[in-house]
Amino acid sequence: FQGHFPGQPIMPGVLIIEALAQAGGVLTQLALGRDAQSKLFYMVKVDKARFSSQVVPGDVLELHVEIRRVIRNMAVYYGEAKVDGKVVACAEVLCAGTRE
């Protein structure tokens, strides 16, 4: 991510949020017993996003996501991104599924 801030590469926050949403999608597929091809999920809304530390090259980013609720074809997730056990970002993400 060397071009994000010249001379100070960091992982863009939007990619951290996207990673949390992707992890939530995988969790939904596993929790609801669907195979990966049965539905597509799209990120609809991000709430309460907070960033407390920068993520830099060499950091290992751990994603922790839980399903808060499922409403028809939508799911609300809460996710935390951690580096060395410390929360560096968190957000609530709403994703909506489509039928094939």
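## The loop between β3 and β4

D84 lies in the loop between β3 (74–83) and β4, where strands are DSSP runs of E of at least two residues and helices are DSSP runs of H or I of at least four residues, both numbered from the N terminus. At 76% relative accessibility, D84 counts as exposed, a term that stands for over 50% relative accessible area, with buried meaning under 20% and partly exposed in between (1.4 Å probe, protein chains only). The phi of D84 is positive, at about 55°, although D84 is not a glycine. Most residues other than glycine have a negative phi.

The model described here is predicted, and for that reason local features need pLDDT of at least 70 and side-chain atom pairs count only at pLDDT 80 or more, while totals for chains, interfaces and linings use all residues. Residues are numbered from 1 along each chain as its sequence is written, and side-chain values use heavy atoms, with hydrogens and water left out.

With a relative accessible area of 62%, K48 is exposed.

## E92 and the cysteines

E92 lies in strand β4, which covers residues 86–99, and it counts as buried because its relative accessibility is 19%. Leaving aside neighbours within four places in sequence, E92 is in contact (heavy atoms within 4.5 Å) with K45, V46, D47, K48, R68, Y77 and Y78.

Are C90 and C95 buried or exposed? C90 counts as buried at 13% relative accessibility, and C95 counts as buried at 3%. A search of the whole structure finds zero disulfides, a disulfide being a pair of cysteine sulfur atoms within 2.5 Å.

## The chain as a whole

The secondary structure of the protein chain comes to one helix and four strands, and from the N terminus on these elements run α-β-β-β-β. Among the contacts with a separation of 6 or more, 56% are accounted for by residues 24 or more positions apart.

Of the 100 residues of the protein chain, 31% count as buried. The chain exposes about 6500 Å², of which carbon and sulfur atoms supply 55%; accessible areas come from the Shrake-Rupley method with a 1.4 Å probe, and for residues only the protein chains shown count as cover.
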